[in-house]
Amino acid sequence: MQTPYYLIDKSRLLPNMEKIAWLREQSGAKALLALKCFATWSVFDMMSEYMDGTTSSSLFEVKLGREKFPGETHAYSVAWADHEIEETLANSDKIIFNTANQLRRFEEVSRSHTRGLRVNPGVSTSEFDLADPARPFSRLGEHAPEDIEPVLDLVSGFMFHNNCENDDFDRFDAMLGSIEQRFGHLIRQMKWISLGGGIHFTGEGYPIDKLAERLKRFAGENEVQVYLEPGEAAITKSTTLEVTVLDTLYNGKNLAIVDSSIEAHMLDLLIYRESAKMVPNEGPEEWMICGKSCLAGDIFGEFRFPEPIKAGDRLSMQDAAGYTMVKKNWFNGVKMPAIAIRELDGTERLVRDFGYEDFSAALS
């Protein structure tokens with residue numbers, strides 16, 4: 001296939017799904033795919049066999065979850081607009097409001113719906129201020145029990161989302177304990193609690209048995225149904241971004257330009273100043289892999305290779321599923337990567353390509 005394209009490998013996706021299924025069985029928690037991270041619905045048929053549904057950040061994600069992923073559809077948004085609330089309710093099983101104000105505003109129209117409220121516990125595991133839901137002056141959720149209590153009878157559940165790429169069970173355990181200490185009297189009046197995503201329980205070496213026990217204990221002591229909202233945990237290491245080297249040059253370092261762009265195709269690398277992953281990353285040749293956009297800092301990273309790189313070489317950027325396909329854009333008019341799937345039997349198929357017509361249709 002012509003590069004660039006994202007290649008979703010079902011054989012690498014399957015171990016994540018099996019861990020999610022095991023955790024569900026052992027803990028009693030339900031697992032909803034966070035569409036803000038990954039919404040490539042061509043593999044939803046497989047994922048829905050191991051997960052309970054989807055959770056969203058917008059009306060469009062709500063509709064996609066309802067249409068493409070069997071099971072529960074949870075609707076959350078930082079702020080719902082008047083013109084979208086009816087459609088959101090029609091396409092969801094639960095609606096979660098970000099503030100008590102929004103809950104009151106839409107109380108009448110949502111009265112027959114299962115409703116929840118986002119609660120911000122004021123602690124998180126984010127290493128980046130940009131992504132920290134507990135940052136100063138955060139707009140994400142209600143912070144104080146005294147602001148929640150007046151609307152308690154309007155909801156049946158809470159959503160806490162304060163883990164971010166947290167691969168430390170002890171840290172998760174301690175934060176959940178602080179949540180119980182501060183909000184326990186409110187939690188025990190609820191029927192369900194979502195603990196959000198960001199728990200890296202599918203990572204190698206994670207004590208998933210301890211997580212299962214902690215979730216089961218939390219659910220039992222508080223008499224609630226627990227939900228998890230895995231995003232990265234569901235699709236980690238499942239996908240590569242396949243690219244081709246277009247040109248090479250030397251300017252104090254060996255540089256290779258590929259037919260892709262971090263700003264357009266792996267935006268989080270730019271936002272968080274991170275490097276892409278290359279496997280293997282060893283050998284005597286050190287090269288900086290650069291994108292083809294005009295942005296001077298469009299750089300995937302520096303990697304090592306056994307031989308010098310040349311035009312026409314194929315490279316694979318690893319772990320390219322999360323926050324990539326949902327964020328890809330048309331900067332510089334660079335062609336969006338196609339989307340392909342490698343089936344469990346090893347066969348590959350193209351499921352979506354993007355051309356000039358898509359570029360033109362996105363503008364006016």
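**Close-up 1. Buried residues of helix α3 and the elements that cover them.** In this predicted model, the buried residues of helix α3 are covered by elements that include strand β3 (53–55), strand β4 (72–76) and helix α4. The buried positions in α3 are Leu59, Glu61, Val62, Leu64 and Gly65. Arginine 66, which lies in helix α3 (residues 59–68), counts as partly exposed, at a relative accessibility of 32%.

**Close-up 2. The salt bridge between arginine 66 and aspartate 93.** Arginine 66 forms a salt bridge with aspartate 93, and the closest N and O atoms of the two are 3.4 Å apart. Because arginine 66 belongs to helix α3 while aspartate 93 sits in the loop between α4 (85–90) and β5 (94–97), the pair ties together parts that are 27 residues apart in sequence. Aspartate 93 has a relative accessibility of 31% and therefore counts as partly exposed. A search of the whole structure finds 26 salt bridges, and the pair of arginine 66 and aspartate 93 is one example of such a salt bridge.

**Close-up 3. The salt bridge between arginine 171 and glutamate 127.** Here the closest N and O atoms of arginine 171 and glutamate 127 are 3.6 Å apart, and the two residues form a salt bridge. Arginine 171 is found in helix α7 (residues 169–187) and glutamate 127 in the loop between β6 (114–118) and α6 (145–148), so the pair ties together parts that are 44 residues apart in sequence. Arginine 171 is partly exposed, with a relative accessible area of 34%, whereas glutamate 127, at 64% relative accessibility, counts as exposed.

**Close-up 4. The salt bridge between aspartate 173 and arginine 214.** Aspartate 173 and arginine 214 form a salt bridge in which the closest N and O atoms are 2.5 Å apart. Since aspartate 173 lies in helix α7 and arginine 214 in helix α8, this pair ties together parts that are 41 residues apart in sequence. Aspartate 173 counts as partly exposed, with a relative accessibility of 26%, while arginine 214 is buried, with a relative accessible area of 3%.

**Close-up 5. The packing of helix α1 against helix α8.** Helix α1 (residues 10–27) packs with helix α8 (residues 208–222) at an angle of about 40°, and the axes of the two helices are 8 Å apart. The two helices are therefore oblique to each other, and their crossing is right-handed. On the side of α1 the contact is made by Lys19, Trp22, Leu23, Gln26 and Ser27, and on the side of α8 by Ile208, Asp209, Leu211, Ala212, Leu215 and Lys216. The residues of this contact divide into 6 nonpolar, 2 polar and 3 charged.

Close-up 6. Alanine 340 lies in strand β16, which spans residues 338–342, and alanine 340 is buried, with a relative accessible area of 0%. When its neighbours within four places in sequence are left aside, alanine 340 is in contact with Met1, Tyr5, Tyr6, Leu7, Ile8, Arg349, Leu350 and Val351. The C-alpha atoms of alanine 340 and serine 42 are separated by 9.3 Å, although these two residues are 298 residues apart along the chain.

Technical notes. Residues numbered from 1 in each chain as written. Predicted model: local features only at pLDDT ≥ 70, side-chain atom pairs only at ≥ 80, totals over all residues. Heavy atoms only, no water. Axes fitted to C-alpha atoms, helices over the stretch in contact; angles between N-to-C directions. Helix = DSSP H or I, 4+ residues; strand = E, 2+ residues; numbered from the N terminus. Parallel < 35°, antiparallel > 145°, perpendicular 65-115°, else oblique. Left-handed = near helix turned anticlockwise from the far one by under 90°. Contact = heavy atoms within 4.5 Å. Nonpolar A, V, L, I, M, F, W, Y, C, P; charged D, E, K, R; others polar. Salt bridge = Lys/Arg side-chain N within 4 Å of Asp/Glu carboxyl O. Buried < 20%, exposed > 50% of the residue type's maximum accessible area, 1.4 Å probe, protein only.
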